[in-house]
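Hello,

Here is the structure I promised to pass on to you. Please have a look at it first, and then read my notes below.

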Amino acid sequence: MAEEKTKTALLREELMMKEEKGIRNLSSEEIAEADEFCEGYKRFLNAAPVEREATAAALALAKQRGFIEYDPGAVYQAGDKVYCVNRGKAIALAVIGKNGVKNGARLSIAHIDSPRIDLKPNPLYEANGLALFKTHYYGGMKKYQWTAIPLTLHGVIVKLDGTAVEVSWGDEPDESCFCVTDLLPHLAQEQVTKPMAKAFTGEDLNVLVGSRPYPEAEDEKELVKLNVMAILNKKYGITENDFLSAELCLVPSFKAKDIGFDRSMIGGYGHDDKVCAYPALMAALNAGVPEDTCVTYLADKEEIGSDGNTGMQSDFLRYLIYDLAKQDGVEGYRALSKSTCLSADVNAAFDPTYASAFEARNSCFLNNGVVISKYTGHGGKYDTSDASAEYMGRVRALLENNGILWQIGELGRVDLGGGGTIAKYVANMNVDVIDLGVPVLSMHAPFEIVSKTDVYMAYRAFLAFFQA
Ligand code: MN
Ligand code: MN
């Protein structure tokens, strides 16, 4: 016979938070669905290390599913699907709702740029028989992590006649790649005693790109550099001056891989924030005919503060909402004021190896589902949008009512550091917004780690938000 529960035990059950069961709440079918969903995610991640490629990959998937280019002069019906590309580096996908944007739009906004190493405008030089690129890092990084790993060159070069050449070198298995060198431990006695920020500086991020002199030369001047330029000229038709009008960057060459004996996680470059961009994109593709118009925006420049015309501080998305509102016969600012947003960005998963950086009761954990961050920022809640209790309540109910595994998470221990997302720029447009995304281990490292079930729960959350 079962033991009868005491009054205290019953009261505890009624009033107190249950122990977090995380992935144990999920059925084996749900876990299998998550694994399947992540196969598509890995393909997207591998195809889209930088924002231009992510935009192209998202556009290709959207076109396959019937999205057409947005025309501000056209009349749209519920269920129509349109896209709007911002300078090749960001993309908005809208699914027209039954109410249009009269009651506001539902926005899911992720970013598709990730920390990386950009080339300086005048990058190529020769030193001691080696050809190297001078670089300027992009986004927050621990610079030592980018040494002694294979790197791939991506980007675009615009020539004087205006033609653009797309560059991708190092992704194919038989293609060469590039590398930042590091000092051998035998001679690193001084280096290893320096603070990390000084042991390896931004100006040390020089990328090795060649070592053989131009053959059959008639003099000895910068022949290794000349040889590199000759190779680049042959492949891309460029001269050294063309680097002046280029956007070239180096990203890790390794592809996404399953992690763990149980294959429960994915390691890869650029999870922050493609791991939210892809689920938000798939939710847009599968939104059906929503009540309110749903807009997924994949933004650029988040890692450097969202400045610039492809970042979230630009008016691009605002103008799109204004155009949609005009078509619905309402003022753009009124449509915005009624809009709601999920700022789709990652948070730092609790890492037992660095437990002291976190406050466990308010951290997110791998496999506990999609993470809601009411605020990010630093210090005394500076530089963040602190979502209202009302909006938090709505999102919480949405997740609970749709059986979506979710958790809350602050970004680490108070006053240890901090970080921001695009949420505050969306909030500044008078939109209700909260951060919702995937917990990440080793965030901003060349190889970041996420849980497959968390990725899938992010997709379920965006879809429920669009279809509610
Ligand atoms: Mn991010
Ligand atoms: Mn980031």
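**What I found**

The side chain of Ser114 makes a polar contact with the side chain of Lys274, at 2.8 Å. A polar contact here is a pair of N or O atoms within 3.5 Å; within protein, one must be able to donate a hydrogen and the other to accept it, and residues adjacent in sequence count only if both atoms are side-chain atoms.

Before going on, please note that this is a predicted model, where local features need pLDDT of at least 70 and side-chain atom pairs count only at pLDDT 80 or more, while totals for chains, interfaces and linings use all residues. Residues are numbered from 1 along each chain as its sequence is written, chains are lettered from A and ligands numbered from 1 in the order in which they are written, and side-chain values use heavy atoms, with hydrogens and water left out.

Back to Ser114, which sits in the loop between β4 (106–111) and β5 (116–127). Helices (H or I, at least four residues) and strands (E, at least two) are DSSP runs, numbered from the N terminus. Ser114 is buried, at a relative accessible area of 2%; buried means under 20% relative accessible area, exposed over 50%, and partly exposed in between (1.4 Å probe, protein chains only). A polar atom of the Ser114 side chain also lies 2.8 Å from the backbone oxygen of Asp272. Leaving aside residues up to four places away in sequence, Ser114 touches several residues, among them Tyr138, Tyr269 and Glu303 (contact means heavy atoms within 4.5 Å).

Asp272 leads us to the metals. The manganese ion (ligand 1) is coordinated by His111 (NE2), Asp272 (OD), Asp345 (OD) and Asp345 (OD), at 2.1 to 2.6 Å. Donors are N, O and S atoms within 2.8 Å of the metal (3.2 Å for Na, K and Ca), and water is not among the atoms, so sites may look incomplete. Asp272 also bridges ligand 1 and the manganese ion (ligand 2), which lie 3.4 Å apart. Asp272 is buried at 3% relative accessibility, and Asp345 is buried at 7%.

Next, the strands. Two strands pair if DSSP finds at least two bridges between them. Strand β3 (residues 90–95) is largely enclosed by the rest of the structure, because six of its six residues are buried. Ala90, Ala92 and Ala94 point one way from β3, and Ile91, Leu93 and Val95 the other way. β3 pairs in the antiparallel sense with β2 (residues 81–86) over six bridges, and five bridges join β3 to β14 (residues 294–299), also antiparallel. Val82 stands opposite Ala94, and Val95 stands opposite Cys294.

There is also an open sheet of seven strands, with antiparallel pairing in the order β8-β7-β11-β5-β6-β10-β9. Its edge strands are β8 (164–169) and β9 (179–180), each of which pairs on one side only. Within this sheet, β5 and β6 (residues 130–138) run antiparallel and are joined by eight bridges.

Finally, helix α9 (residues 389–401) and helix α11 (residues 452–467) pack at an angle of about 110 degrees, with their axes 10 Å apart. The contact is made by Tyr391, Leu398 and Leu399 of α9 and Ala461, Ala464 and Phe465 of α11.  Axes are lines fitted to C-alpha atoms, for helices over the stretch in contact, and angles run from 0 to 180 degrees between N-to-C directions.

Best wishes
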